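Please keep the structure open in your viewer and follow the selections in the order given below.

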Amino acid sequence: GALAKHRGVGGIVANLDIVLPTALLEGLARQVLGESAVSPRGWRREWLRWRVHELLGAPSDPALQAYLTGPDRALRRFQLADRLARIYIQYMAYRPDWLDDWGYSRPTFEAASFHPALWRQLRQALNEPHRGERLAQLGAALRAGSVDVGASDPLHVFGLSHLAPAELAVFQALAAHRPVVFYLPDPCRELLPCRPGRPAW
């Protein structure tokens, strides 16, 4: 109603394009970086769990070996693979710095346990950039200068309770090309993008 009134007497507003942030960012990545920027299928949870499951067949880490020992090994292996796939997908957006350190064998923290070695195996098996790396590429391209973002009118983002830091960085870079307006449920300084804790399984 308010948007229609803004257009004047008798104004009508219909068929608005309302998308989730993830879909918007993927579309923006395709537009700025090309079709190859779409998140590869292998990094999606329904496929990633099976890659992890394969790597858990004969793990070299003693903690993983102990966890997967017993008569219910098959069930434990599947459940752990599914949980690790979910965790790694979250880290692609929330902790790409950890994944980057693990990938290059840089020291992180003792509680990382088996994750660095397992992530390197996974990264080698899926020799394609994951979503966190795509977001970083997109942000860098937007900050670099003249790119076609497809629109100059304001982008209105509303109803979010949180946003991953990697996604927020892209919106900040996009704001140099078109206005980006956030409508927050509680616009106070305490409302900050949250990050998951250290690896857990």
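At what angle do helix 5 and helix 7 pack, and how far apart are their axes? In this predicted model, select residues 73-94 for helix 5 and residues 115-125 for helix 7, and you will find them packed at an angle of about 85°, with axes 13 Å apart. Because angles of 65 to 115 degrees count as roughly perpendicular, helix 5 is roughly perpendicular to helix 7. Next, display the side chains that make this contact, which are Leu84, Tyr88 and Met92 on helix 5 and His115, Leu118, Trp119 and Leu122 on helix 7; by class, the contact has 6 nonpolar residues, 1 polar residue and no charged ones.

Now turn to the salt bridges, of which the count comes to 9. Select Asp72 and Arg76, whose closest N and O atoms are 3.2 Å apart; Asp72 is partly exposed at 34% relative accessibility, and Arg76 is also partly exposed, at 26%. Move on to Arg95 and Asp97, which meet in a salt bridge at 2.6 Å, N to O, where Arg95 counts as buried at 13% relative accessibility while Asp97, at 34%, is partly exposed.

Then select Glu167 and Arg131, whose side chains form a salt bridge at 2.9 Å, N to O. Glu167 belongs to helix 9 (residues 165-174) and Arg131 to helix 8 (residues 131-144), so this pair ties together parts that are 36 residues apart in sequence. Glu167 is buried at 9% relative accessibility, and Arg131 is buried at 17%.

Definitions and conventions
Residues numbered from 1 in each chain as written. Predicted model: local features only at pLDDT ≥ 70, side-chain atom pairs only at ≥ 80, totals over all residues. Heavy atoms only, no water. Axes fitted to C-alpha atoms, helices over the stretch in contact; angles between N-to-C directions. Helix = DSSP H or I, 4+ residues; strand = E, 2+ residues; numbered from the N terminus. Parallel < 35°, antiparallel > 145°, perpendicular 65-115°, else oblique. Contact = heavy atoms within 4.5 Å. Nonpolar A, V, L, I, M, F, W, Y, C, P; charged D, E, K, R; others polar. Salt bridge = Lys/Arg side-chain N within 4 Å of Asp/Glu carboxyl O. Buried < 20%, exposed > 50% of the residue type's maximum accessible area, 1.4 Å probe, protein only.
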